[in-house]
Amino acid sequence: MRRTSSDLFYSSCTYTYCAIGVVLMLFPNLVTYYVHRGYSLPPNDATAYQYILAATGVYLRAENRFFDVLLPIARCPVRGLAPLEPHFHLKVPRLPGRLLAAVLVDARQARQPD
């Protein structure tokens, strides 16, 4: 039987959907979604990141042991929801400038020429 390009497209899409389904079964909270109606955000329940719809648009929220970020990805007014302000909080102490300078020198020396 001869296969057409649409057959190949359908079979690859079926495989992709199957792979996505397996990932979602293994990590059910990989990406979560939240509509912001109140004044404070609930704890982040996403393993990777969370989309938040607020009065000021759509935000991406992520956190790990090093940082917590709320990043606007689409600005648009949404009536009836509470507003949010973007932020980035570093959870680790600041590094001394001399240490950062040494890391920068080392990285520049290790860089491959273009």
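This is a predicted model: local features need pLDDT of at least 70, side-chain atom pairs count only at pLDDT 80 or more; totals for chains, interfaces and linings use all residues.
Biologist: Which helices and strands does the protein chain have, and in what pattern?

Modeller: Start with the order of elements along the sequence. The protein chain has two helices and five strands, and the pattern reads α-β-β-β-β-β-α.

Biologist: How much of the protein chain is buried?

Modeller: A residue counts as buried under 20% relative accessible area. Here buried residues make up 18% of the 114 residues. The protein chain exposes about 9400 Å², with 63% of that supplied by carbon and sulfur atoms.

Biologist: Is histidine 36 buried or exposed?

Modeller: Compare its relative accessible area with the cut-off. Histidine 36 is buried, because its value is 0% and buried means under 20%. Histidine 36 sits in the loop between S1 and strand S2 (49-54).

Biologist: What does histidine 36 touch?

Modeller: Leave out residues up to four places away in sequence, and the partners of histidine 36 include Leu41, Ile52, Leu81 and Pro83. A polar atom of the histidine 36 side chain also lies 2.9 Å from the backbone oxygen of glycine 38.

Biologist: Where is phenylalanine 27, and is it buried, partly exposed or exposed?

Modeller: Phenylalanine 27 is in the loop between helix H1 (5-26) and strand S1 (31-35).

Biologist: How far apart are phenylalanine 27 and alanine 48 in sequence and in space?

Modeller: Sequence separation and spatial distance are read separately. Phenylalanine 27 and alanine 48 are 21 residues apart in sequence, with 9.5 Å from C-alpha to C-alpha.

Conventions
Residues are numbered from 1 along each chain as its sequence is written. Side-chain values use heavy atoms; hydrogens and water are left out. Helices (H or I, at least four residues) and strands (E, at least two) are DSSP runs, numbered from the N terminus. Buried means under 20% relative accessible area, exposed over 50%, partly exposed in between (1.4 Å probe, protein chains only). Accessible areas come from the Shrake-Rupley method with a 1.4 Å probe; for residues, only the protein chains shown count as cover. A polar contact is a pair of N or O atoms within 3.5 Å; within protein, one must be able to donate a hydrogen and the other to accept it, and residues adjacent in sequence count only if both atoms are side-chain atoms. Contact means heavy atoms within 4.5 Å.
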